[in-house]
Amino acid sequence: HPDRLHHCLVRQLLGLRPQDTSEGSAYGPVHHWGKAACHPGPLQQAVSEEGPKNCQRPQPPHRHIRAVQCSSYNSYPFMGRLYEWEPFNEVSGDQRCELNCRAIGFRFYVRQSNRVIDGTPCGQNETSICVAGRCQSLGCDEYLASGKVMDKCGVCGGDNTACKLVSGLFQQHSLNKVGYHKIVEIPEGATKINVTEMVKSRNYLALKSRSGRSIINGNWAIDRPGKYEGVGTMFTYRRPNEVTSTAGESFLAEGPTNEILDVYVCNQSTSMYRNTLHGQSGIDHRGNPNQEGYDPAGGGKYPPQVPNNQVPAVQPPERQREYNWKLSGATECSASCGRGKTWYTIFRCVHRLSHEQVPENQCDSSTRPSSQEEPCNLQSCPAFWDIGEWSECSKTCGLGMQHRQVLCRQVYANRTLNVHTSRCRHLEQPETTSTCQLKICSEWQIRTEWSACSVPCGVGQRTREVHCVSNMGDFVSNEECNMNLRPSDNENCDMGPCAKSWFFTDWGNKCSAECGMGIRTRGVLCLTNHISSLPLEGCGHERPTDSQVCNHGPCESRIEWFTAPWSQCSTECGSGSQQRAVVCLMKTDEGFNVMPPYECSSLDKPLNQQSCHLKPCGAMWYHTDWSACSKTCEGGFRVREVRCLSDDMLSSEGCEEELKPVEREECNPEPCVPHIDENCRDKYFNCNVVVQARLCVYDYYKTTCCSSCTRVAHRQSQHRALS
């Protein structure tokens with residue numbers, strides 16, 4: 001039944017469940033729009049199989065249908081708690097007919113249902129609705145999938161012949177007065193309106209309805225770029241960036257308009273300049289543009305259009321005046337919004353029939369109407385973005401950031417207040433952060449090599465020059481460079497330890513000669529010791545020997561000057577020496593006989609010793625002599641200092657720890673023997689009884705049993721020392 005079907009659709013649009021049969025619900029009462037208001041038509045095709053018929057669309061509820069559907073889940077817990085839900089529309093095209101809801105105040109959304117209710121809008125505008133989970137386009141004739149769209153003239157399914165294109169170019173070399181200058185009149189019914197300033201100037205475009213309402217830039221108030229509603233359509237006002245862009249201002253509207261519009265240029269300066277405007281619009285046959293100086297297609301005034309259905313004017317009686325006063329304008333409204341005042345003060349003397357303007361002396365001055373005051377711009381002022389100044393760049397050089405405050409504000413009773421940002425959703429929100437770069441950063445440069453160390457031995461310092469250099473190569477203050485990246489201009493330098501004690505290695509294991517007398521060596525250095533508690537003195541003049549004789553037995557005899565092979569190097573690494581035997585032998589039939597060296601004096605005697613260097617030793621352990629023992633008896637200890645030194649005799653960590661010589665050892669373990677006095681003897685055989693009776697404290701017994709009492713006293717002193 002049509003009434004029942006209509007009632008069901010209304011309940012669906014309101015988000016009510018089918019079982020809710022009462023007239024009231026959580027979403028308010030169900031209001032019927034009349035039994036005869038709508039029969040099964042385009043909107044009902046989703047729930048009715050009857051053929052499409054002409055149908056008026058029911059008025060939607062005050063809340064958007066998606067908001068109603070999302071809010072129906074407010075009373076259902078999600079993840080253990082309740083949320084308030086609002087529509088989330090930032091989804092891909094194939095998800096537009098799903099019910100995606102966002103938790104208010106949180107940064108997540110949930111798909112509450114795979115389908116929204118049939119009839120829910122799903123496109124950028126209200127021409128597409130969801131039917132059976134699919135987004136389908138609604139034609140301008142209110143039928144699904146009809147394919148009909150509005151043509152340029154605003155006719156549904158039209159062929160663009162119901163109107164004609166009117167375009168022209170306004171050129172004025174000079175505007176002599178500061179203020180508003182009328183450019184062109186746009187008649188009622190105009191569509192596809194486009195008025196664009198061809199080149200940027202210091203002036204502003206302005207738009208005003210014939211009824212006196214200022215739409216854009218009226219009453220000396222310059223509006224921000226954005227969308228403005230008036231005369232039945234929405235105007236998009238654009239003003240490119242005043243610094244970076246060279247394009248001029250413009251405003252566009254789809255139309256159609258329901259009132260005559262006047263286009264103005266608001267002149268900001270009396271200086272001479274060229275102002276060029278281009279305008280075009282599709283004009284309904286019912287009206288025509290009319291304004292002096294407007295040059296359609298670049299030449300001549302546009303001839304007035306006469307409608308085809310115009311009724312011939314009736315000739316007035318002869319008694320009527322030939323010229324009359326005609327109201328042709330009013331002052332600007334005192335306020336662009338929020339109720340202002342305007343005065344009708346502009347009257348012109350015109351011909352009664354043709355309405356052509358004539359000199360004012362042709363009209364009766366006594367019949368000239370007086371000024372009238374009327375309210376204007378009663379609409380509430382739109383919210384706007386109040387933009388603060390940019391902060392200083394976060395960095396003095398290089399890429400930084402700057403910030404500014406952007407507030408949504410609205411005028412109420414001549415007071416400007418901060419309002420919620422949702423009030424400014426019709427405007428594009430300006431950026432609150434931006435990158436900035438004042439100049440290219442300077443950089444650190446090292447201008448010299450390291451200087452010599454400040455001390456000849458030990459630890460000192462060396463320096464070098466480090467400067468902050470600009471991108472032009474000039475020295476600048478250090479603050480212009482990043483101090484965290486500054487190279488060091490001084491550092492410690494170790495010139496090796498200063499001499500104080502003799503350090504030497506163990507004797508080498510190899511003899512310089514394989515046979516006979518040879519030499520083995522060790523390393524000896526005078527270095528500063530690091531153990532201040534050692535009882536060591538300065539190096540002094542008695543340097544420990546670094547070589548000693550070694551003998552591996554006699555060598556075999558040879559004739560004439562006989563040179564044996566060079567012996568092994570006296571050291572496994574570092575600088576050492578090699579030995580070889582050189583003897584004078586005489587060869588006979590019986591063999592070889594050793595001859596005295598002078599027998600071979602006429603011959604050049606080969607060298608018997610030379611230096612050798614097999615390889616760098618690397619790090620090796622060096623140590624000092626042992627200190628004196630801490631005790632003369634019953635176990636003491638002595639110490640020495642051990643260091644790891646490299647080939648260039650600098651401290652190193654490359655020695656093998658398991659080969660490190662010990663730095664402390666026990667000494668003098670023998671027991672302490674008290675000095676025996678030959679005169680201290682026991683005079684009685686039973687002095688042990690005196691000791692047991694503890695009579696040694698008396699001088700008589702100390703003398704009579706001297707030996708026994710002395711031994712007891714010594715044992716007691718040792719016991720007290722141990723305890």
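Student: How far from the ring centre of Tyr-83 does Arg-81 lie over the face of that ring?
Tutor: The model is predicted, so local features require pLDDT of at least 70 and side-chain atom pairs count only at pLDDT 80 or more, while totals for chains, interfaces and linings use all residues. Residues are numbered from 1 along each chain as its sequence is written, and side-chain values use heavy atoms, leaving out hydrogens and water. A charge sits over a ring if NZ of Lys or CZ of Arg is within 6 Å of the ring centre and within 35 degrees of the ring normal. For Arg-81 and Tyr-83, the distance from the ring centre is 4.5 Å.

Student: Over which ring does the charged end of Arg-522 sit?
Tutor: The charged end of Arg-522 is placed 4.5 Å from the centre of a ring. That ring belongs to Phe-504.

Student: What is the geometry class of the aromatic pair Tyr-83 and Phe-106?
Tutor: Rings of Phe, Tyr and Trp (its six-membered ring) pair if their centres lie within 6.5 Å; planes under 30 degrees apart are stacked, over 60 edge-to-face and the rest tilted. By this rule there are 13 aromatic pairs. The centres of Tyr-83 and Phe-106 are 5.2 Å apart with 85° between the planes, and the pair is edge-to-face.

Student: Why does this pair tie together separate parts of the sequence, and how many residues apart are they?
Tutor: Helices (H or I, at least four residues) and strands (E, at least two) are DSSP runs, numbered from the N terminus. Tyr-83 lies in the loop between helix H2 (65–71) and E1, and Phe-106 in the loop between E2 and E3, so the parts tied together are separated in sequence by 23 residues.

Student: Is Phe-88 buried or exposed?
Tutor: Buried means under 20% relative accessible area, exposed over 50%, and partly exposed in between (1.4 Å probe, protein chains only). The relative accessibility of Phe-88 is 10%. Phe-88 therefore counts as buried.

Student: Which residue forms a stacked pair with Phe-88?
Tutor: The two rings are 4.0 Å apart centre to centre, with 15° between the planes. Phe-88 lies in the loop between E1 and E2, and its partner in strand E3.

Student: In E2, which residue is the bridge partner of Trp-85?
Tutor: Two strands pair if DSSP finds at least two bridges between them. E1 is joined by 3 bridges to strand E2 (residues 99–103), and the two run antiparallel. The partner of Trp-85 in E2 is Ala-103.
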